[in-house]
Protein chains: 2
Amino acid sequence: MTRDSLNSLYEKKTHNSKKAYDNSVNIFPGGISHNIRFFKPYPFFVNKAKDKHLFDVDGNKFVDYWMGHWALVLGHSPTIVVKKLARQIRQGTLYGTANDISVNLGETIKKSIPTSELLRFCTTGSEATMYAIRIARAVTKKRIICKTIGGWHGFNTDLMQSVNYPFEIDEGVGMTGREGDFVESIPYNDLDRSIKLLDSVKDDLACVILEPILGGGGCIPADINYLRGLEEYCKRNDILFVLDEIVTGFRFNFGSYSSFYHLDPDMITLGKIVGGGLPIGVLCGKKEIMKVANPVENTNKEQICYIGGGTFSSNPLTMTAGYATLDYLSQNRKSIYNKINRLGDMARNGLRKLFSDYGLRTQVTGIGSLFLTHFLTDKVNEITNASDVALSDIQGLTRYHFALMAKHGIFFLPRKMGAISTVHDVKDIKNLLNATEKIIKSDIFLKIKT
Amino acid sequence: MTRDSLNSLYEKKTHNSKKAYDNSVNIFPGGISHNIRFFKPYPFFVNKAKDKHLFDVDGNKFVDYWMGHWALVLGHSPTIVVKKLARQIRQGTLYGTANDISVNLGETIKKSIPTSELLRFCTTGSEATMYAIRIARAVTKKRIICKTIGGWHGFNTDLMQSVNYPFEIDEGVGMTGREGDFVESIPYNDLDRSIKLLDSVKDDLACVILEPILGGGGCIPADINYLRGLEEYCKRNDILFVLDEIVTGFRFNFGSYSSFYHLDPDMITLGKIVGGGLPIGVLCGKKEIMKVANPVENTNKEQICYIGGGTFSSNPLTMTAGYATLDYLSQNRKSIYNKINRLGDMARNGLRKLFSDYGLRTQVTGIGSLFLTHFLTDKVNEITNASDVALSDIQGLTRYHFALMAKHGIFFLPRKMGAISTVHDVKDIKNLLNATEKIIKSDIFLKIKT
């Protein structure tokens, strides 16, 4: 099965999506409202999602591993959330005021994440990370923030550095050219080189912010010693240690990934899962740090760090969905995390064995319910950071994901890691492995066979 | 009725809110998730909102003129939106993919706003304005952006300049100190001085961005000649003219405020109303400009302006609520805008007459369904910009709004303008005027009587 024949198969199944896309390019630049949602020849258009399935405008059904940018740990429209939302939509979607349900969600997060002595709800992850570095600068009175190469914290201007390959080039046009003056990028999972770079800017360094698992950058868990080393360096030098847990929070256990490893970050950002499928960002931090954002106690501009704004912050729909989700996760934490972590192991091990059996050099990365297959090349033998990912056979990965989608009704957003939710089961993973084997047996991987 | 006795009245009615707030300060800095939602002695906590009413945790009912940061032009949870949401919550809240309903909403906006040749959905207004200036810089290859003093475009780092009084001081701590290097702030409604300032930075000026009605800054419509003068200056000098219509879009007519006045901005930002009460931001622009953000045609980092990102962008819940709202507004445009604009006139004229009859020097600003009373002082005789607002008797305004809330069950977020929605009627405005008269007759304005 060649790329061409896969394309015609896809096109045959997606006539209405083609029409929708042709219309869509006259409305949106590139026909989409999120750059990574485009894939060739055109993305299918969804008109319904339920549990593990996406349904498109042609009546195709896909088993979804993209799961709303990995946010939907209970699947699409889980009954437990829908029931609460059904009530809340009748009782207000946007109070614009203090409200009781935000206290419930806030309390739940506070209790389950040690760092979260105080927290602030906002509307997107991008806002949460922007606020984190603003607070870090306010508290330390220093200016430089450090992120990892390939680290993705949303496209706020402050953190738009070294996100996409080639990492040393500006993140697109439209910047002043000065944004990078106060951002230092360090190589992920390389403690020695990272510390050297941190040392070089130590005197003006406000914080280190990173994802404990590189998400968009390629599903790469940080070596625990890398995280501990950075944390220890930060503590020793009065630099704030910030973990972006927008993807990882409540993904592997009920709470943060960092608390599972007994890390002690000064701030944590959350999003995705804690919104229960509705827009959210959360900034959590130690009390001594977060108090700089208290507008009641800091009554003038020389004292306060402004992290407010946001018409939709702590809106009751998001708060309701988030609270219903966390409440359910909390009550079933043992069975849920056991299940999805085990399914993740099954997927990773199964894929590893398959690709190896057929002599394809791959590395299946991930942990718990997150996983991604990387196709190795002459240039890269091991995936430990985003640069390795950039040098892997991304075309091969794209073909693999596209073949899963076009021929087998299994959806990964091409190139992006998959997320297993409570709605997936052993049969789904078996289907994924079977489909993968069929794809391997077809000729689309010919090029990358060693 | 003194401030003290108003406070005790409020406290008597809001025992449960007091408890909720005392709890809330241990969860959130200042007990809130949006700075302006705090007011003294503590904000009431809402647990339900329907049509024109907010209901708090003590069972109090308020007629709401804050209306979800002025977003809810059809009131809280209008049936027309609830019905569609009730279906959509069962069919997916977050597809994470291209979807048909975003095409519907996009098409509707495109048809009703001439500038909107192409548009991008994002999740908050703050993201939309951040993307607008990024695109302006990309297209013009210039760096400076110009905003108005007191203009509020969300708390993204790029536009955090001259928002709060005193305007010349940094917007809080936590900035590098360099953010202002590429932002020029001009005096609102003063064309001559504005042009002089623009002239001084003309060679590196990418865009002028402003609200056609200063919203958070004090409900002050721009003089139409001010807008025309700025637009004309921009066109003459190849500077992009950007209107932030997050508050004004679909507020006075079915479309943008600017198209009503035959203005021709290069880009427009939308939010609030077009999300139907759910999180949204929209960047609309001319095709020639917006195409720089097309990720399909611009395949390398030297070409593309990244305005994507955003897990929740074009999520189907927001798209559904927004489309239901615009569809209803469109079908009933004449009666709806006639009604709310007329009620606005009634409120403004009624308040003007009242305050004048009682010898209180006020200026009631606004247009259409937006209005705000300013209490004049020795220092300010007329309100034309945010500096005038800062010099007015803000304590008096706060007392007035608090008295309406505590004694008369009428809610304005203290100091902020009111918005009339389709759920308000003549009786509500009469009640507002009656309540205002009673408050005037009490002694809370003693201090500011002339």
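How many residue pairs are in polar contact between chain B and chain A, counting those with both at pLDDT 80 or more? In this predicted model, the count is 65 such residue pairs, and the two chains are also joined by 4 salt bridges. One of these salt bridges brings together the side chains of B:Arg178 and A:Asp181, with a distance of 3.6 Å from N to O.

**The interface between chain B and chain A**

The contact involves 116 residues of chain B and 116 residues of chain A, and the area buried between them is about 9700 Å², of which 60% comes from carbon and sulfur atoms. Within the area that chain B buries against chain A, B:Pro29, B:Val173 and B:Lys301 supply 8%, more than any other three residues.

The side of chain B that touches chain A divides by residue class as follows.

| Class of residue | Number on the chain B side |

**A sheet in chain B**

Chain B also holds an open sheet of 3 strands in the order β13-β14-β16, with antiparallel pairing. Its edge strands are β13 (362-367) and β16 (418-419), each of which pairs on one side only. Strand β14 (residues 370-375) is joined to β13(B) by 6 bridges, and across this antiparallel pair B:Thr362 stands opposite B:Phe375 of β14(B).

Technical notes
Residues are numbered from 1 along each chain as its sequence is written. Chains are lettered from A and ligands numbered from 1 in the order in which they are written. This is a predicted model: local features need pLDDT of at least 70, side-chain atom pairs count only at pLDDT 80 or more; totals for chains, interfaces and linings use all residues. Side-chain values use heavy atoms; hydrogens and water are left out. Contact means heavy atoms within 4.5 Å. Buried area is the accessible area (1.4 Å probe) that two parts lose on being put together, summed over both. A polar contact is a pair of N or O atoms within 3.5 Å; within protein, one must be able to donate a hydrogen and the other to accept it, and residues adjacent in sequence count only if both atoms are side-chain atoms. Ala, Val, Leu, Ile, Met, Phe, Trp, Tyr, Cys and Pro count as nonpolar, Asp, Glu, Lys and Arg as charged, and the others, Gly among them, as polar. Two strands pair if DSSP finds at least two bridges between them. Helices (H or I, at least four residues) and strands (E, at least two) are DSSP runs, numbered from the N terminus.
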